[in-house]
Amino acid sequence: MEKEKMTDKSRWHRTHYCGSLRSGQAGQDVVLCGWVHRQRDMGNLVFVDLRDREGIVQIVVRSDTPALLDEAKKLKSEYVLGVEGRVQKREAKSVNPEMPTGEVEIEATALKVFSTSKVPPFLIVDPPQVSEELRFKYRYLDLRRPAMQRKIRLRHEAALRVRNFLSQNGFFEIETPFLINSTPEGARDFLVPSRIYKGKFYALPQSPQIFKQTLMISGFDRYFQIVRCFRDEDFRADRQPEFTQIDIEMSFIERADLFDVVERMMAALFELIGEKLSPPFLRLSYQEAMDKYGSDKPDLRIPLEISDLTEIAPGLGSEMIRNVLSSGGVVKAMRVPSAAALSRSQLDKLNDKARSIGAKGLIWIKKQDGFKSSLKLADGEFDLIWKSLQAGEGDLALVLADQKETALKALGEIRRDWPQDLPKDKRTLKFVWVTDFPLFEWSGEEGRLVSMHHPFTSPLDEDLALLDKDPAKVRAKAYDLVLNGVEVGGGSIRIHDMKLQQKIFDLLGLTPKETGAKFGYFLEALTYGAPPHGGIAFGFDRLVRILAGEESIREVIAFPKTTSALCLFTNSPSEVSERQLDELGLALKKPKE
């Protein structure tokens with residue numbers, strides 16, 4: 001009996017993947033294992049499309065094997081099936097050019113049903129013909145779709161490419177803890193109660209920031225990790241409460257050294273989809289990006305730039321513009337080539353968008369057999385604007401007179417979502433480094449300065465004196481890598497001097513007690529000889545999404561949460577028992593009515 005079992009097991013040992021078979025293998029005997037994708041009963045002939053992770057191949061069962069034909073007629077979609085058979089070339093008229101295996105079929109000599117399947121709640125087809133909610137509830141079925149199999153494979157290949165590149169460039173992959181101390185800066189932590197130390201909590205890491213800097217102090221001068229991170233953020237369309245990042249840190253470097261490594265890594269990564277990058281990437285300061293594009297994440301595929309008309313604005317006969325200038329405002333404009341044909345309703349929608357962002361209103365000017373505008377000006381004044389914008393016949397100008405930050409933000413949003421004649425090519429890749437961010441930003445909610453990136457970011461050397469005089473004007477040695485309007489990575493040169501680090505904590509309003517409790521161990525580590533160092537972290541999910549040409553990171557994560565942070569497959573988050581709460585020393589507060 002044991003011998004029979006072993007013989008049966010070896011008989012059904014897979015020899016090939018379904019999607020790997022080609023015409024050069026004609027005449028070979030194969031054993032395939034997979035899922036029934038489709039069964040077509042032709043009476044004296046049954047065709048079965050068998051699917052595995054590599055693709056689909058056609059199985060044929062003929063009438064000269066009646067017992068086998070009867071078995072094949074009973075097969076249903078998603079049955080798990082083993083097939084013994086021989087690879088044959090299809091007749092020319094039967095070749096399917098849409099399938100990589102379309103030149104061959106397998107003439108079955110034996111079938112084995114490993115397991116049957118209920119009727120699935122939706123068809124396993126591309127593109128999906130079902131809601132995202134149902135896909136996530138039955139994610140194990142959704143993942144069977146060939147497109148999902150390809151995307152998860154691409155994710156694996158991307159991780160492997162990153163690991164190999166960094167290893168070949170002298171980096172060590174080092175794991176850091178998941179149960180850490182909660183920190184007061186940044187997004188909310190996910191807290192984990194301690195059973196042993198009741199009333200105390202671990203936090204899941206938003207980033208391995210302190211640990212990777214500590215590794216630099218430890219002498220591991222090139223570290224990386226493809227690591228899970230956690231942020232308890234408010235719901236956003238393309239964010240996940242748990243996500244994956246490529247974490248990198250290097251010692252004894254300047255910013256240019258890190259840029260070089262990253263650009264070469266990106267070139268290696270995008271080779272996966274046949275894209276050849278040409279480093280070095282464009283570099284813009286934060287202020288340049290805001291002034292030209294109204295965003296610190298500019299999509300450079302969109303050929304629209306913002307211009308400053310403040311200098312010529314006093315010569316315009318508009319009381320509204322004069323009032324804005326007298327209150328310290330500016331006049332910004334964006335020329336849109338060949339867009340004078342936009343309708344009034346389209347222009348009204350742009351005005352509504354600007355107002356929704358906080359602008360007073362959008363002025364439009366078009367030149368189409370003369371000037372037309374939502375603002376009354378003399379033709380000579382329109383000519384002055386047109387000359388300043390280097391605009392021509394058939395062009396459109398969008399003008400905002402407002403406070404600088406509001407005007408730039410509103411034009412930046414209109415530029416980012418420009419809907420008309422400037423389609424954004426998904427296969428065009430426009431990388432840009434955005435540098436020299438402000439070190440701090442003012443939080444009206446908290447009534448204090450907060451770090452624009454994080455409190456371990458080093459100020460620019462030339463701005464150090466401003467820390468005592470005007471800290472809001474201090475620029476940071478911080479940088480983001482932006483691709484097609486998406487921030488794919490961000491980092492900085494770090495503070496390696498303990499006194500400077502303590503000063504930054506003081507400016508952030510952290511008390512000595514808070515600093516000691518949250519970061520005392522790190523500040524002490526800085527006193528034992530810390531090298532100059534810097535690093536960066538990339539959103540791995542975002543990068544794979546772009547590689548796959550998808551709109552949402554949920555399409556490249558095996559088991560994603562919904563936009564409301566629910567796991568529909570496991571029904572989490574969920575309630576826990578009173579016994580578990582008692583063990584942790586916790587009690588639930590009743591919600592306020």
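These legends accompany close-up views of a predicted model.

View A. Let us start with β16, which spans residues 396–402. Seven of its seven residues are buried, so the strand is largely enclosed by the rest of the structure. Leu396, Leu398, Leu400 and Asp402 point one way, while Ala397, Val399 and Ala401 point the other way. Strand β13 (residues 330–336) pairs with β16 in the antiparallel sense through seven bridges, and here Arg335 sits opposite Ala397. Strand β14 (residues 363–367) also runs antiparallel to β16, joined to it by four bridges, with Lys366 opposite Leu396.

**View B. Helix α10 and its buried face.** Helix α10 covers residues 344–356, 13 residues in total, and reaches 18 Å from its first C-alpha to its last, close to the 18 Å expected at 1.5 Å a residue. Look for Leu347, Leu350, Asn351 and Ala354, which are the buried residues of α10. Seen down the helix axis, these buried residues fall within an arc of 100 degrees, so they line one face of α10. In an α-helix, residues three or four places apart point the same way, because there are 3.6 residues a turn. Lys349 and Ser356, on the other side of α10, are exposed.

**View C. An open sheet of eight strands.** Follow the strands in the order β6-β9-β10-β22-β21-β20-β17-β11; the pairing is mixed. The edges are formed by β6 (172–173) and β11 (282–285), each with a single partner strand, so one side of each is left without a neighbour in the sheet. Ser285 has Thr435 of β17 as its bridge partner.

**View D. The largest cavity and Ala565 in its lining.** The structure holds three cavities of 30 Å³ or more, and the largest has a volume of about 80 Å³. Its lining includes Arg231, Glu233, Asp234, Arg236 and Arg239, along with Phe235 and Ala565. By class, three lining residues are nonpolar, three polar and five charged. Ala565 lies in the loop between α16 and α17 and has a positive phi, near 65 degrees. At 25% relative accessibility, Ala565 counts as partly exposed.

**View E. The second largest pocket.** This pocket has a volume of about 520 Å³. Of the 22 residues in its lining, Gly55, Ile56, Met99, Pro100 and Pro146 are the closest to its centre. β1 (29–41), β2 (45–52), β3 (55–62) and α5 (146–168) each supply at least two lining residues, and α5 gives the most, with four. The lining divides into four nonpolar, seven polar and eleven charged residues.

View F. Most residues other than glycine have a negative phi, and most peptide bonds are trans. Asp126 and Pro127 are joined by a cis peptide bond, with omega about -10 degrees; Pro127 lies in the loop between β5 (104–115) and α3 (132–137). Ser572 and Pro573 are likewise linked by a cis peptide bond, with omega about 5 degrees, and Pro573 lies in the loop between α16 (540–548) and α17 (578–584). Asn484, in the loop between β20 (478–483) and β21 (486–493), has a positive phi of about 50 degrees. Asn484 is buried, with a relative accessible area of 11%.

How values were computed. Residues numbered from 1 in each chain as written. Predicted model: local features only at pLDDT ≥ 70, side-chain atom pairs only at ≥ 80, totals over all residues. Heavy atoms only, no water. Buried < 20%, exposed > 50% of the residue type's maximum accessible area, 1.4 Å probe, protein only. Pairing = 2+ DSSP bridges. 1 Å grid on protein atoms, 1.4 Å probe; cavity = no way out; pocket = protein on both sides within 12 Å on 5 of 7 lines; lining within 4 Å. Points joined across faces, edges and corners; volume = space filled by probe spheres on them. Nonpolar A, V, L, I, M, F, W, Y, C, P; charged D, E, K, R; others polar. Expected span 1.5 Å × (residues − 1). Arc of directions from axis to C-beta.
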